[in-house]
Amino acid sequence: MFRIAVLASTKGTDLQAIIDEIKAGKMQGVELAVVISNKKNCYALERARTQGYKTVFINPKNKTREGFDEKVAEILEKERVGLIVLVGYMRILTENFVSKFPRKIINVHPALIPKFSGKDFFGKSVHEAVLAAGEKETGMTIHYVNKGVDTGTVILQKKCPVELNDTPETLKVKVQALEKKWYPEVIRLIAKGRI
């Protein structure tokens, strides 16, 4: 069984897409081992818990970044996780953590990297920047996580048009639709050894 873990800080809409595919039998051999969050009231935790998945909240208070990531790593190793999936995870991983799991951490970014990426681009700010720049298209990028921010090897990019009447909210809906479709597919391919 190929065991995955999800690290999440927000609502977990991409997590739900992954759970839906697992429950529908479309991710043969893939098991969601644990969902971990740095936010106690993160809806991703509630989403996973109510559907029968193991969840862990790690309180970042009074922990260094390194100490926090060490605690996460302990859980991942105990759960024998083969892939770490970031879903709206609002923390920058430490170099030690990334080094411990080479090419075993993936992230989805709501833009076409290298555009609108890096530590200042997350959530709504990405879509606002796309509109302010007058872009004709946007999309999402699934990439491996390395020691930089949004600088890891790109696995897959998918695009959607930016239309004149688009707002940050409508762009978010378009991009999330791409994420929900393609994030589970990339996990499937990695589990099968095709990526």
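Helices and strands here are DSSP runs, numbered from the N terminus; a helix needs at least four residues and a strand at least two. The model is a predicted one.

Start with Thr-94. Is Thr-94 buried or exposed? Its relative accessibility is 4%. Buried means under 20%, so Thr-94 counts as buried. Leaving aside residues up to four places away in sequence, Thr-94 touches Arg-65, Glu-66 and Asp-69.

Now move to another loop. Gly-12 lies between strand S1 (2-8) and helix H1. Its relative accessible area is 2%, so Gly-12 is buried too. Its contacts are Ala-44, Arg-47 and Val-87, again without counting residues up to four places away in sequence. Ala-129 is 117 residues from Gly-12 in sequence. In space, the two C-alpha atoms are 23 Å apart.

Next, the empty space. Rolling a probe the size of a water molecule over the atoms shows where such space is left. The largest pocket holds about 920 Å³. It is lined by 36 residues. Closest to its centre are Gly-88, Tyr-89, Met-90, Phe-122 and Gly-123.

Which elements supply at least two residues each of this lining? Three are helices: H1 (13-23), H5 (124-132) and H6 (168-191). The others are strands S4 (83-87), S5 (105-109) and S6 (137-144). Helix H6 gives the largest share, five residues. By class, the lining of the largest pocket has 14 nonpolar residues, 13 polar and nine charged.

Turn now to the nonpolar interior. In soluble globular proteins, nonpolar side chains tend to be buried together. The largest nonpolar core in this model has 33 residues. Ile-4, Leu-15, Leu-32, Val-85, Ile-106 and Ile-187 touch the most other members. Helix H6 supplies the largest share of this core, six residues. H6 therefore leads both lists, as it also gives the largest share of the pocket lining.

Leu-32 is worth a look on screen. Beyond residues up to four places away in sequence, Leu-32 touches Ile-4, Val-6, Leu-15, Ile-19, Ile-22 and Tyr-53. Ile-4 and Leu-15 are themselves among the core members with the most such contacts.

A second core is separate and has 22 residues. Among them are Ala-33, Val-34, Ala-73 and Tyr-89. Tyr-89 is also one of the residues closest to the centre of the largest pocket.

Technical notes. Residues numbered from 1 in each chain as written. Predicted model: local features only at pLDDT ≥ 70, side-chain atom pairs only at ≥ 80, totals over all residues. Heavy atoms only, no water. 1 Å grid on protein atoms, 1.4 Å probe; cavity = no way out; pocket = protein on both sides within 12 Å on 5 of 7 lines; lining within 4 Å. Points joined across faces, edges and corners; volume = space filled by probe spheres on them. Nonpolar A, V, L, I, M, F, W, Y, C, P; charged D, E, K, R; others polar. Core = buried A, V, L, I, M, F, W, Y, C linked by side-chain atoms within 4.5 Å. Buried < 20%, exposed > 50% of the residue type's maximum accessible area, 1.4 Å probe, protein only. Contact = heavy atoms within 4.5 Å.
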